[in-house]
Amino acid sequence: MISAVLWWEDHFVEPLFWGLAIVLVAVAYGSPLLRQATSYGLRQTGDEHRSWAALPWVLRVVLLPIPSRWVFGTYYALSLALNASAWGVLVLFVSSVSARTCLLPALLSAHAARRLAEVLWVHVYSTTSSSPLLTYACGCTFYVFVVLAWVLNSPLVGRWAVDAALPLQLAGVALFILCSAVQHHCHRELARLRERPDARSKYSYPRSFWFRQCLTPHYLAECGIYTSFCATAHVVLPGLRFALIFTLLNLSLT
């Protein structure tokens with residue numbers, strides 16, 4: 001296992017993945033084809049399926065629409081299962097593991113659990129809301145690599161850097177709680193708008209406090225949550241740094 005970790009780090013597989021993901025997001029907005037293949041939710045223009053019959057079969061597979069509730073439900077269920085499992089193994093089978101060492105997987109699991117609950121019981125998706133298969137596959141890969149970012153530098157494989165300074169960890173936890181609360185409030189506000197009888201014929205923008213301060217406070221909160229992950233663990237972990245950069249870039253261009 002340790003040799004596998006060393007091979008991983010020596011060959012820069014993880015930074016290479018995150019680098020390619022970041023480049024893909026940036027390039028997608030300059031390429032109509034890539035923008036179509038990676039569009040989802042409000043990014044969709046309605047043109048994605050108009051020329052479906054004229055597309056080569058490969059592109060039909062790549063652009064195969066997956067319902068949004070299934071897409072995001074899978075993302076967070078996968079993240080919760082992987083993080084909680086690795087966290088459990090760390091606590092049960094690795095001796096002398098401090099609570100501070102377990103802080104990052106605990107926050108990752110809590111975030112995934114909350115988002116999964118919101119997907120199931122809070123969000124209101126339209127019947128046409130979907131994501132292309134390519135976006136779906138990339139999203140699943142993203143959450144797998146977020147887990148690997150800390151697992152491959154944890155006592156599970158005999159490697160662990162010094163815990164972040166306690167004040168930094170406490171600040172990270174406080175930021176996580178604040179951003180999670182803000183994001184949940186925003187999601188409930190958006191869901192209430194979609195439940196209105198005229199939601200399909202009339203566009204409405206939330207008027208609550210956070211939406212008066214920022215155009216997309218739920219996206220800003222997501223960036224804050226990933227910043228809190230870096231603060232509560234090790235800023236030196238390249239996987240978490242790249243995950244934060246990817247999230248900032250992806251949500252900034254949405």
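User: What makes up the chain, in helices and strands?
Analyst: The predicted chain has 11 helices and two strands. Along the sequence their order is α-α-α-α-β-α-α-β-α-α-α-α-α. Of the 254 residues, 42% are buried. Among contacts with a separation of 6 or more, 79% join residues 24 or more positions apart.

User: Why are H8 and H10 called roughly antiparallel?
Analyst: The axes of helix H8 (residues 166–194) and helix H10 (residues 217–232) cross at roughly 160°. Angles over 145 degrees count as roughly antiparallel, and therefore H8 and H10 are given that label. Their axes come within 8 Å, and the crossing is left-handed. By class, the contact of H8 with H10 has 13 nonpolar, 10 polar and one charged residues.

User: What makes H6 and H8 roughly parallel?
Analyst: Helix H6 (residues 103–121) packs on H8 at an angle of about 5°. The cut-off for roughly parallel is under 35 degrees, so H6 is roughly parallel to H8. The axes of H6 and H8 are 12 Å apart.

User: Which residues of H6 and H8 meet?
Analyst: On the H6 side they are Leu-103, Leu-107, Ala-110, His-111, Arg-114, Arg-115 and Glu-118. On the H8 side they are Gln-169, Val-173, Phe-176, Ser-180, Gln-183, His-184 and His-187. Sorted by class, the contact of H6 with H8 has five nonpolar, six polar and three charged residues.

User: How do you know that H5 and H7 are parallel or antiparallel?
Analyst: The axes of H5 and H7 cross at roughly 15°. Angles under 35 degrees count as roughly parallel, and H5 and H7 are therefore roughly parallel to each other. The axes come within 10 Å, and the handedness of the crossing is right-handed.

User: Which residues make the contact of H5 with H7, and what are their classes?
Analyst: From H5 the contact includes Trp-70, Tyr-75, Leu-82 and Trp-87. From H7 it includes Thr-135, Tyr-136, Tyr-143 and Trp-150. The residues of this contact divide into 16 nonpolar, five polar and no charged.

User: Which residues have the most contacts inside the largest nonpolar core?
Analyst: They are Tyr-75, Phe-142, Trp-150 and Phe-229, in a core of 41 residues. Helix H2 (13–28), helix H5 (68–93), H6, helix H7 (133–151), H8, H10 and helix H11 (238–252) each supply at least two residues of this core. H7 gives the largest share, 10 residues. As general background, nonpolar side chains in soluble globular proteins tend to be buried together.

User: What is Tyr-75 in contact with, leaving aside its neighbours within four places in sequence?
Analyst: Tyr-75 is in contact with Thr-135, Tyr-136, Gly-139, Cys-140 and Tyr-143. One of these, Thr-135, is found in helix H7.

User: How many residues separate Thr-135 and Val-62 in sequence, and what is their distance in space?
Analyst: Thr-135 and Val-62 are 73 residues apart in sequence. In space, C-alpha to C-alpha, Thr-135 and Val-62 are 8.6 Å apart.

Key: Residues are numbered from 1 along each chain as its sequence is written. This is a predicted model: local features need pLDDT of at least 70, side-chain atom pairs count only at pLDDT 80 or more; totals for chains, interfaces and linings use all residues. Side-chain values use heavy atoms; hydrogens and water are left out. Axes are lines fitted to C-alpha atoms, for helices over the stretch in contact, and angles run from 0 to 180 degrees between N-to-C directions. Helices (H or I, at least four residues) and strands (E, at least two) are DSSP runs, numbered from the N terminus. Angles under 35 degrees count as roughly parallel, over 145 as roughly antiparallel, 65 to 115 as roughly perpendicular and the rest as oblique. A crossing is left-handed if the near helix is turned anticlockwise from the far one by less than a right angle, and right-handed if clockwise. Ala, Val, Leu, Ile, Met, Phe, Trp, Tyr, Cys and Pro count as nonpolar, Asp, Glu, Lys and Arg as charged, and the others, Gly among them, as polar. Contact means heavy atoms within 4.5 Å. A nonpolar core is a set of buried Ala, Val, Leu, Ile, Met, Phe, Trp, Tyr and Cys residues joined through side-chain atoms within 4.5 Å. Buried means under 20% relative accessible area, exposed over 50%, partly exposed in between (1.4 Å probe, protein chains only).
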